Amino acid sequence: MLECGDPMAAHNFFTDEAGHLRSGWRLAIFAVAFLICTQLSQALLFPGLAATLHRSALELANSNWAFVAGHGSILISALLVGWACGALFEELPFRALGCSPHRGWLRNLGLGSLLGAATLFLAALLATAAPGVHFRFDPAGSRLIGQTLGVSLLLFVGAAAAEEMLFRGYPLQTLTRANLAWLGVLLTSVPFAAVHLGNPHAVPGFTFVNTALAGVWLAVAYLRTRSLWLPLALHWSWNWAQASLLGFPVSGIERIAPAPLLQAINAGPDWLTGGAYGIEGGAACTVALLISTLIIWRAKLFSPADVPTDRARNVALSSV
């Protein structure tokens, strides 16, 4: 005869002792809802932009507007779904996502922007000292260079906001609240690296390792402050300094900064400089990221946010 299973075992498989959905299910629901929301928002944003700008879909696809629409849909979806999951499953307010202003957020944003650019400059210095890279001024002229600096800054801030809200937003945060920060870092850094493997000139080895390490770097910035302002600052300033100031490709992509201040000329070896993928694909980047991660974790430079965790219940949410 078949025996009936213990109903309490099924209950505990889905919920913890306090009756809250376990972190693994919360993460899975977020992932599915995010994918659905992204598809819907892209279906609305892209035609909306085409109609507003009076351009064809083909014209938009070959311009930076496609970049804007893609990252815009990611930002909107991660923000809305993350807020909804926090409210429904953990009874958390919107500010628990870590994107609301808090005491010290401007300090984190400013210092983080300086540190992100400085980390990139350190990687470039290591590659130059080898010597694997040298630079020359872009002959495009001050008008085009100034336009590139301004437009690319906006694009990189928007892209960084979207990726931070997705990877260092609800997925990392809900696992951290479940006392599984290490798993949250792993489950956000590996996919963060994986999505970059489809970029031009990606090399599976160094490309994956360095991008995963960058994910750890940004996750540590969140864990150090419990807000997204520091990882946002590190992320946008790294990309902007890389592309718009020094003229490197950003993860293999060059079109965002067509007239940078300097042009980086790769003299190899590619294992050090990253080759056509950019400095993110080389060992100079690895060293710089490791040093910067240690600084963020050890130095008392940044202001932690007073972000609610579980409505002051002081009950540790259950693990996966």
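Asn-12 is partly exposed, with a relative accessible area of 33%; buried means under 20%, exposed over 50%, and partly exposed in between, for a 1.4 Å probe and protein chains only. The model is predicted, so local features need pLDDT of at least 70 and side-chain atom pairs count only at pLDDT 80 or more, while totals for chains, interfaces and linings use all residues. Residues are numbered from 1 along each chain as its sequence is written, and side-chain values use heavy atoms, with hydrogens and water left out.

- Asn-12 belongs to helix 1 (residues 7–14); helices (H or I, at least four residues) are DSSP runs, numbered from the N terminus.
- Between Asn-12 and Arg-22 the C-alpha to C-alpha distance is 8.7 Å, and the two are 10 residues apart in sequence.

**Packing of helix 4 and helix 7**

- Helix 4 (residues 64–90) packs with helix 7 (residues 170–177) at an angle of about 25°, and their axes are 10 Å apart. Axes are lines fitted to C-alpha atoms, for helices over the stretch in contact, and angles run from 0 to 180 degrees between N-to-C directions.
- This angle makes helix 4 roughly parallel to helix 7, a term for angles under 35 degrees.
- Where contact means heavy atoms within 4.5 Å, Gly-82, Cys-85, Gly-86, Phe-89 and Glu-90 in helix 4 meet Tyr-170, Thr-174 and Arg-177 in helix 7.
- By class, this contact has three nonpolar, three polar and two charged residues. Ala, Val, Leu, Ile, Met, Phe, Trp, Tyr, Cys and Pro count as nonpolar, Asp, Glu, Lys and Arg as charged, and the others, Gly among them, as polar.

**Aromatic pairs**

- Rings of Phe, Tyr and Trp (its six-membered ring) pair if their centres lie within 6.5 Å; planes under 30 degrees apart count as stacked, over 60 as edge-to-face and the rest as tilted. By this rule there are nine aromatic pairs.
- Phe-30 and Phe-34 form a stacked pair, because their ring centres are 6.0 Å apart and their planes stand at 10°.
- Phe-30 and Phe-34 are four residues apart in helix 2 (residues 23–53), which means a separation of about one helical turn. Both Phe-30 and Phe-34 are buried.
- The pair of Trp-105 and Trp-229 is tilted, because the ring centres are 4.5 Å apart and the planes are at 45°.
- Trp-105 lies in helix 5 (residues 105–129) and Trp-229 in helix 10 (residues 229–245), so this pair ties together parts 124 residues apart in sequence.
- Trp-105 is partly exposed, at a relative accessible area of 22%, whereas Trp-229 is buried, at 15%.
- Phe-30, Phe-34 and Tyr-170 are linked into a cluster by ring pairs.

Technical notes. Helix = DSSP H or I, 4+ residues; strand = E, 2+ residues; numbered from the N terminus. Parallel < 35°, antiparallel > 145°, perpendicular 65-115°, else oblique.
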